[in-house]
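Thanks for coming. I have one structure today, and I will keep to a few points. Please have the sequence and the model in view.

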Amino acid sequence: MKRSRSSSRAAKTWLIWLSLLVGLSACGESATPLTVSPAPPVTIPSTAFAPPATSTTTVAPSSTAVVTLAATAAGQSTPPVATVEPAVAPTITTGPTPAPAPLTASWVKDGVCYEVFVRSFFDSNGDGKGDLNGLIAKLDYLNDGNPASTKSLGVNCLWLMPVTASPSYHGYDTTDYFKINPDYGTNEDFKRLMQEAHKRGIYVITDLVLNHTSNQYDWFKQATSSPQSSYRDWYIFNPINPGYRGPWGDQAWWPASDGANFYYGLFGKDLPDLNFRNPAVTKQMDEVTRYWLQEMGVDGFRLDAAKHLIEDGRNQQNTPETHAWLRDFRKFYSSIKPTAFTIGEINGPATELNGYYPDQLDAYFEFSLAQSFVKSASNGQASFVGLVKDADSHWPLQRYGTFLTNHDQTRVMSVLEDPAKMKMAATAYLTSPGLPFVYYGEEIGMRGAKPDPQIRTPMQWSGANQGGFTTGTAWEALQPETAQVNVQEQESDPNSLLNLYRNLIHLRRVHPALAQGSFTPLTSSAFGVAAYLRHTDREDVLVVINMTNTAVTDLKLSADQTDLVEGRYTSNGLLTINMATPTPVVVQAGKAGAISDFAPLANLPAHSATIFSVKK
């Protein structure tokens with residue numbers, strides 16, 4: 001169903017920003033502003049959260065709970081309401097600082113990833129649904145295998161949203177961890193995708209949804225069939241409704257089909273949570289992990305809802321038990337495939353990330369930073385620079401993911417509503433530290449606002465019927481501006497958004513400073529102009545972005561300290577956006593690399609940017 005367009009512009013803008021910040025979906029979470037403060041690492045003994053392997057006792061979300069009944073007032077017909085007070089959490093003992101886990105996936109150092117919803121990418125058989133063979137047919141669009149080419153996007157990593165069997169369109173409720181969704185093809189099709197991707201230098205990571213399954217999974221059907229079922233303890237049951245809700249105020253406990261029990265499903269009644277306090281569940285998920293790494297050949301995983309794996313009563317996120325489980329998970333998957341790469345969804349304030357470094361997953365998405373890129377482009381501010389500096393100084397290099405928006409949020413073009421602003425947002429995050437993730441269609445300015453199917457609409461390949469996505473009828477209607485906004489329309493336009501993405505990604509792949517370099521902000525004489533230096537031992541790159549809608553003249557840049565060695569440098573333009581190539585100018589670096597009143601440009605037009613090479 002299409003969203004109504006009759007509301008006022010102010011109301012629409014408010015709703016879009018709310019959607020961007022909250023981003024709820026089948027596995028969405030709420031986001032909060034960035035704050036950073038260090039937290040001491042903790043370790044817990046495995047016995048604190050894992051019952052003996054031989055245990056068949058039903059495990060509630062807290063190992064012990066106090067159940068009370070709220071008495072009704074005299075004469076009232078309302079029945080008693082059951083409540084559960086969480087048990088005291090396991091004793092946590094502070095351990096030594098853990099040793100940082102190495103980043104063994106070498107491709108990440110200059111990596112750029114592309115997020116694909118297979119159902120919406122390309123349909124090879126005319127049934128209206130994207131499939132794996134369709135994705136294979138479009139791999140050259142993503143990377144044609146020629147490192148020098150700028151005719152493809154040049155990404156070297158694919159993140160696939162769920163591809164396993166599922167009763168839903170989105171796939172976050174699997175019914176079989178070992179089987180490809182029949183809508184997408186077969187397990188053999190997936191193996192062929194891996195072969196074709198690797199030929200082009202593309203690494204593939206898939207969504208690994210460990211937190212929950214579908215309520216149609218055979219495991220859950222057996223679990224609800226009888227309290228004596230061997231699968232009963234694979235999920236979280238309680239004889240009465242504990243009464244408390246999820247972190248966002250949504251219902252979390254659901255009546256079981258037997259009518260005598262309730263089960264925990266944080267993301268909805270169709271998505272019952274697995275009980276990772278049961279060692280049998282962990283053993284089974286180890287087998288799932290082994291299968292995808294060894295048999296299917298994937299290069300790693302994006303872990304959905306990673307902070308919710310193990311609950312402690314009302315404490316439903318970021319528990320010490322979750323951290324301990326992830327540490328063991330890392331040890332296991334590294335033993336199977338040492339080069340496997342993992343990135344986790346930890347949507348919330350940056351302080352939450354403290355507990356997940358340095359010895360658990362390889363990386364985590366930096367949601368606060370993503371919001372800052374979009375807000376800066378929207379409001380004509382350079383505030384993202386400070387947050388990039390914070391992230392760069394707090395998290396290990398290349399071990400956090402950057403993005404603009406993803407499959408849980410209103411598309412960035414629907415937030416910014418201006419191609420010029422969109423170009424500035426793209427320039428900002430593709431020239432900043434971290435591992436960038438491009439949401440499919442973002443590179444051509446696809447729009448889409450909640451509900452979720454409308455932010456996951458089919459890829460717009462051309463202005464033809466069904467946008468060139470299918471010869472049949474698309475599973476979801478394409479966006480109304482498809483005839484004007486599509487890949488074919490932008491291919492031949494050197495100033496198109498698509499070609500900007502190609503150029504930025506190519507630049508990042510061939511200039512190590514943009515992917516791996518240190519990050520030093522420069523003070524700008526103009527409000528709304530972002531400037532920063534990226535440095536490695538072999539090269540220096542300067543980025544200047546005018547985020548505002550007005551031209552800037554007589555720009556001056558300064559810094560008390562940079563990574564430049566004292567001396568004279570020449571700045572030469574590598575890439576310009578919405579402006580002419582600047583004339584080379586001299587940069588004087590003083591002691592400690594200090595820069596004073598450097599004037600790189602006589603005129604910086606509205607919504608324009610320049611990326612300079614700085615050479616001594």
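What span should the 14 residues of helix 13 have at 1.5 Å a residue, and how far apart are its end C-alpha atoms? This is a predicted model, so the question is put to computed coordinates. Helix 13 covers residues 497-510, and at 1.5 Å a residue it should span 20 Å. Its end C-alpha atoms are 20 Å apart, so expectation and model agree.

Next, the surroundings of that helix. Helix 13 is mostly covered, with 10 of its 14 residues buried. The buried residues include the leucines Leu-497, Leu-498, Leu-500, Leu-504 and Leu-507, together with Ile-505. Asn-499, Tyr-501, Arg-502 and Arg-508 are buried in helix 13 as well.

Opposite Ser-524 is Leu-557 of strand 21.

Last, confidence. The mean pLDDT of the protein is 87, and 84% of the residues reach 70 or more. Over residues 1-26 the pLDDT is below 50, and this stretch has 55 contacts in the model beyond near neighbours in sequence. Residues 28-94 also have pLDDT below 50, with 133 contacts in the model beyond near neighbours in sequence.

Terms used:
Residues numbered from 1 in each chain as written. Predicted model: local features only at pLDDT ≥ 70, side-chain atom pairs only at ≥ 80, totals over all residues. Heavy atoms only, no water. Helix = DSSP H or I, 4+ residues; strand = E, 2+ residues; numbered from the N terminus. Expected span 1.5 Å × (residues − 1). Buried < 20%, exposed > 50% of the residue type's maximum accessible area, 1.4 Å probe, protein only. pLDDT = per-residue confidence, 0-100. Contact = heavy atoms within 4.5 Å. Pairing = 2+ DSSP bridges.
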